Amino acid sequence: MKRFVYADNAATTKLDGAVLEAMLPYLTEQYGNPSSIYALGQNAARAIRAARERVAFELGAKPEEIYFTGGGSESDTWAIRSAAALSKRGKHIITSVIEHHAVLHAVEALEREGFEATYLGVDRDGLVSPDELSAAIRPDTALITIMTANNEIGVIQPIAELSAIAREHGVPFHTDAVQAVGHIPVNVDALGVDMLSLAAHKFHGPKGVGALYVRRGMRLQNLIYGGGQERGKRAGTENTAGIVGLAKALALANEDLEEKMRVTTAMRDRLIDGILGSIPYSRLNGSRERRLPGNVNVSIEFIEGESLILRLDEQGIAASSGSACTSGSLDPSHVLLGIGLSHEVAHGSLRLSLDHFNTDEDVDYILETLPGVVAELREMSPLWEHADKEGVDNAV
């Protein structure tokens, strides 16, 4: 029987009902401008202060180190451009080839402005080498920016080890933790980072709101001019409801986090084993061990990823082929190319991203549905017709 399974939590998550409940007063009766001095405005100001304190607590930071933004991409851009503009070291940036486009495009923009960039490669598991990072640092390196966990293949980088190398050389270190926060433990001191980006909608908070952690002592340039909001760095009337929602969602996400990780990881592993065991010419992309609890990214040869996503949608399964931000592109994923896949194999990628709201029944339905959809698509593929199927028991 057809059912609906949402398996694209890496793209966005549903708003938690408790988060909506926390937000509603600031969309209705508590609508005051936080900059106003009368009671209605001060109620909103107090709510923002409480949210900042909560976010700081959840990250192991100080309240004055938290800046609220419009989302993860804004946080990434602000961090990177600030470090570049205010650096006294020089005009060299280090990043990796598998970063989110919010990072890559920000670095590319700096290159057009006269900066140099080093793009570190990754191994077949998707991991950055600490030795290669160390070798890439120059006297004029202004910033290193490496993501905590990849949005496509879910690989978790050794950020604490990488940031320690940066610190030895006196280079600021930023991490895009948009996919990690709320899904694995994230503590800024344990990671040793100077700046960290996050987005509420990745952990059941509202869309259009994020945060940037900036370690005390790091300078931050003005992003928006106008009023004195966000300590004068990002002007504009605050999104009080969104900020309250972000803080509530983060607190809920970190509640019983280890148990949520255990449950989600068990579903993930069952899904991976089921796909690889039932669909020939399929492979897991990215490290099996250093992986987000809910991320399943597989390449299935002799099919095209976009066609697979559309057919799964017809069966009530919401999934992704590559990252949501680039799903309109016909180019293969830069992440999958970065771990060494060919263009043809990269085009047949499928990302299924689960979280603790998913169920074992969801996994059952995907495993019941996916092999048949793949077989149907392969029947139409001339490449599959000529594939070597010797030894493949469940080949079409």
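Start the tour by selecting helix α9, which supplies the largest share of the lining of the largest pocket, 4 residues; helices here are DSSP runs of H or I of at least four residues and strands are runs of E of at least two, numbered from the N terminus. The model is predicted, so local features need pLDDT of at least 70 and side-chain atom pairs count only at pLDDT 80 or more, while totals for chains, interfaces and linings use all residues. Residues are numbered from 1 along each chain as its sequence is written, and side-chain values use heavy atoms, with hydrogens and water left out.

**The largest pocket**

A pocket, on a 1 Å grid over the protein atoms alone, is an open set of points where a 1.4 Å probe fits, with protein on both sides within 12 Å along at least five of seven lines, and lining residues have an atom within 4 Å of a point. Next select G182, H183, L354, D355 and H356, which lie nearest the centre of the largest pocket among its 26 lining residues. The volume of this pocket is about 330 Å³, counted as the space filled by probe spheres set on grid points that are joined across faces, edges and corners. Colouring the lining by residue type gives 11 nonpolar, 12 polar and 3 charged residues, where Ala, Val, Leu, Ile, Met, Phe, Trp, Tyr, Cys and Pro count as nonpolar, Asp, Glu, Lys and Arg as charged, and the others, Gly among them, as polar.

**N150**

Move to N150, in the loop between β5 (141-145) and α6 (159-168). N150 counts as buried because its relative accessibility is 1%, buried meaning under 20% relative accessible area with a 1.4 Å probe and protein chains only. Its side chain reaches the backbone nitrogen of E152 at 2.8 Å. Leaving out residues up to four places away in sequence, N150 touches I98, V155, Q179, L292 and V335, a contact being heavy atoms within 4.5 Å.

**T95**

Now select T95 in strand β3 (residues 92-96), which is buried at 0% relative accessibility. A polar atom of the T95 side chain lies 2.9 Å from the backbone oxygen of T145. With residues up to four places away in sequence left out, the residues that T95 touches include V103, Y119 and I146.

**The whole protein**

Finally, zoom out to the protein with its 14 helices and 12 strands. Buried residues make up 54% of its 396 residues.

Conventions:
Buried means under 20% relative accessible area, exposed over 50%, partly exposed in between (1.4 Å probe, protein chains only). A polar contact is a pair of N or O atoms within 3.5 Å; within protein, one must be able to donate a hydrogen and the other to accept it, and residues adjacent in sequence count only if both atoms are side-chain atoms.
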